[in-house]
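Please open the model in a viewer and keep a selection panel at hand.

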Amino acid sequence: MMKINFKQILLLILLIAKCTGIEKDSLDEIKDYNASDKYFKAAVKNMHFLIETRSPEELTSLFEQWIKMNNIPTDAKGCKDGTYVGESPYDAYDYKHVVKIEIKDEKIIKIDYDEIKRDGKGKQKDIEYNNDMIITGTSPSIAYPSYEKQLLEKQNYMKVDAVTGATYSLFRFRYALSIALMKAKMSK
């Protein structure tokens, strides 16, 4: 008789949830942002895949092209006041990149960004993760607040500069913000 361990059961449950549609796809909320393009949601998912698999040099150009081709907002101009959440699909390490912004008078006045593991644990407050990452010269507890502060000052995520050692996190930050800003544009 075959023994099944807890990890195998959990993976089976997640697979069943995905196959039956129980697990909600957060990108469904923005698929109508570019309603004339029936592949828009796929293009948004593809951008996330590119962030996870391409070099930073390639990503700069690819991200800019994606924004231009799809008229993706990079700031809050034309957005309705409110609170909006943008999140990516889970990455290969089971992290979802999540941003929550508050917009007032077409300006982002509050922001909170983190990369959240499936178990709900965020990188920014994960002491062990931060201690492991500090050898790169930074950590989520240093880089993410820097990105947030820059965004509040510059009001455009494409003007936010990378923190050395956290370049991929900058692209993930921009991606999550693009989702939140699309939602804000759609609500107007």
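A crossing of two helices is called left-handed if the near helix is turned anticlockwise from the far one by less than a right angle, and right-handed if clockwise. The model is a predicted one, in which local features need pLDDT of at least 70 and side-chain atom pairs count only at pLDDT 80 or more, while totals for chains, interfaces and linings use all residues. Residues are numbered from 1 along each chain as its sequence is written, and side-chain values use heavy atoms, with hydrogens and water left out.

**Whole chain**

Begin with a cartoon of the protein, which has 6 helices and 3 strands; helices (H or I, at least four residues) and strands (E, at least two) are DSSP runs, numbered from the N terminus. Along the sequence, the order is α-α-α-β-β-β-α-α-α. Of the 188 residues, 40% are buried, where buried means under 20% relative accessible area, exposed over 50% and partly exposed in between (1.4 Å probe, protein chains only). Contact means heavy atoms within 4.5 Å; among contacts between residues at least 6 apart in sequence, 56% join residues at least 24 apart.

**Helices α2 and α6**

Select residues 40-53 (α2) and 167-186 (α6): these helices pack at an angle of about 165 degrees, with their axes 9 Å apart. Axes are lines fitted to C-alpha atoms, for helices over the stretch in contact, and angles run from 0 to 180 degrees between N-to-C directions. Angles under 35 degrees count as roughly parallel, over 145 as roughly antiparallel, 65 to 115 as roughly perpendicular and the rest as oblique. Helices α2 and α6 are therefore roughly antiparallel to each other, and their crossing is left-handed. To display the contact, show Phe40, Val44, Lys45, Met47, His48, Ile51 and Glu52 of α2 with Tyr168, Phe171, Arg172, Tyr175, Ile179 and Met182 of α6. By class, this contact of α2 with α6 has 9 nonpolar, 1 polar and 3 charged residues; Ala, Val, Leu, Ile, Met, Phe, Trp, Tyr, Cys and Pro count as nonpolar, Asp, Glu, Lys and Arg as charged, and the others, Gly among them, as polar.

**Helices α3 and α6**

The α3 side of the contact includes Phe63 and Trp66, and the α6 side includes Tyr175, Ser178 and Met182.

**The nonpolar core**

Which residues have the most contacts inside the largest nonpolar core? Select Phe63, Trp66, Ile101, Ile103, Phe173 and Tyr175; the core has 41 residues, and such a core is a set of buried Ala, Val, Leu, Ile, Met, Phe, Trp, Tyr and Cys residues joined through side-chain atoms within 4.5 Å. Helix α6 supplies the largest share, 11 residues.

**Two loop residues**

Move to valine 160, in the loop between α5 and α6. Valine 160 is buried, with a relative accessible area of 2%. Beyond four places in sequence, its contacts include Tyr147, Leu151, Leu170 and Phe173.

Finish at threonine 138, in the loop between α4 (127-133) and α5 (140-154). Threonine 138 is buried as well, with a relative accessible area of 3%.
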